[in-house]
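These are my notebook entries on the side chains of one protein chain. I wrote them while looking at the sequence and the model together.

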Amino acid sequence: NTREEILTNSLEETISLIAKTKKLTDELWKLELFSRGISEVRFFNVNKINILSYNLNILPHGNIIAGIGHEYRWDRLQEFTKRFAKNIDGTPNYASRYDILALQELFASPFVPTNKCYQEYFLDEIKKHGFVYQVSSRSPNVRHLLFRRKWTDSGLVIVSKFPIVESKSYYFQNSGRKQDSNASKGVLVAKIQFGKRYLLVFNTHLQASHIDDDDSATNVYQSIRWRQLQELNKIMRIWSHKNPGIPSLLMGDFNIDAIPNEALQTYGYSSIGETEEYKNMIDLLNAENDTLDLIKDKYNGHLSTRPPRLQFPSKLKYIIYHKYPQRLDYVFYRPGSLGELYPIKDQTRIEKFLAENDAANLNQSLPVISQLNFKRKRNASFSDKDGKKKYKNNKKFTSLSDHYGIGVTLHCNNTFTWI
């Protein structure tokens, strides 16, 4: 009995010590994370990581040449940010499932007198929803403004609920053409930690194609994108060499349309061939047979990542140029050699981010044909398959951007982490 009592007491003391140690550790983590803006701490097993790539179409504050399709920036940005808040009853909503956001066209306004630029507003607000780890592209300085006419950054932002342990912002050597030449376009890289696991995230936005009186300018834009792609691929290889075995995601708005003109009447989906520019991009990125286009891998074709334009200008040429369907946005996966993080194929998805009237969730997966219901009118409505009115939008826009987002889910081999 004495021996059993000794063992029992020893076991109880050990359990008590473990409990006290855990309690102390919890308190230390609460203090650390509270200082970063998180009030809740939980210890859990990470096995899925949700990541969103999305071009927000938020041009810099003070931009007076934004033009049709770029209006209502404050309204759209505020609504997008609110999507990541919890519902009124405290339950998580659809968008709050995401752990990492890689955003494009969320430009800073470093030279415009304003209390809050769009980018600063977003970074402040999204921190309240758990995205306390943040990196953004470098803003130009006065010298860049005076001698290179750069008056905004590249509009790239990565925010995460998990620690970003290393990051870097790069400028492309080729400064771009037309409106693109005023932005400091490039690549934003973040190394993100999940317990003992890591992921490299590359976020980019390449040269756009603009309307020109000379149609031969198309070749000029493609040439600029090709040189930017080469720089991008080199940067990725450098980081992969520095971080052997670590998987990576390359995402963003590449302004390379994979869908050929022959697919114009396919209602947002194309399995009818691919453009040469897309093929050339894949040949470059996949030179070592290690790069996977996640949308194409799931659907065996290309889905449109742009809605029809909310409003059209009077020029017929402009309407034709912005064809539908159009795929410009991509998420590419490189597995590394550790095999610790890999995409769950059936959970790759297009996120449409339609406008809402209130905080209630809207089904993000409305049929593509419904997306053709873009009007100049202030009001727009959608109905379900039985004809019952499902949702009415009294706003001046029906989509939060002129792009759709791409959501991916990575499986993470069992790893424990704090959040």
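Over the ring of which residue does the charged end of K191 sit? I found that ring to be that of Y198, with the charged end of K191 4.7 Å from its centre. For this entry I took a charge to sit over a ring if NZ of Lys or CZ of Arg is within 6 Å of the ring centre and within 35 degrees of the ring normal. I noted a second case, in which the charged end of K352 sits over the ring of Y404, 5.9 Å from its centre.

**How I worked**

The model is predicted, so I kept in mind that local features need pLDDT of at least 70 and side-chain atom pairs count only at pLDDT 80 or more, while totals for chains, interfaces and linings use all residues. Residues are numbered from 1 along each chain as its sequence is written, and side-chain values use heavy atoms, with hydrogens and water left out.

**Entry on aromatic pairs**

I counted rings of Phe, Tyr and Trp (its six-membered ring) as a pair if their centres lie within 6.5 Å, with planes under 30 degrees apart called stacked, over 60 edge-to-face and the rest tilted. A search of the whole structure finds 13 aromatic pairs. The rings of F80 and F353 have centres 5.4 Å apart and planes at 70 degrees, so I wrote this pair down as edge-to-face. The pair links distant parts of the chain, since F80 is in helix α2 (residues 73–82) and F353 is in the loop between β14 (349–351) and β15 (380–383), 273 residues apart; helices (H or I, at least four residues) and strands (E, at least two) are DSSP runs, numbered from the N terminus. Both F80 and F353 are buried, where buried means under 20% relative accessible area, exposed over 50% and partly exposed in between (1.4 Å probe, protein chains only). I also looked up F162 and F194, an edge-to-face pair with 4.8 Å from centre to centre and 65 degrees between the planes. Finally, I noted that Y54, F80, F84, F122, F131 and F353 form one aromatic cluster.

**Entry on salt bridges**

My rule for a salt bridge was a side-chain nitrogen of Lys or Arg within 4 Å of a carboxyl oxygen of Asp or Glu, and by this rule the count comes to 12. E79 and R83 form one of them, with their closest N and O atoms 3.0 Å apart. E79 is buried, at 8% relative accessible area, and R83 is buried as well, at 6%. In another, K279 bridges to E276 at 3.6 Å between the closest N and O atoms; both residues lie in helix α6, three residues apart, which is about one turn of the helix. Here K279 is partly exposed at 34%, whereas E276 is exposed at 51%.

**Entry on N50**

Is N50 buried or exposed? I found N50 in strand β1 (residues 43–58), and its relative accessible area of 10% makes it buried. A polar contact is a pair of N or O atoms within 3.5 Å; within protein, one must be able to donate a hydrogen and the other to accept it, and residues adjacent in sequence count only if both atoms are side-chain atoms. The side chain of N50 has such a contact of 3.2 Å with that of R349, and another of 2.5 Å with that of T409.
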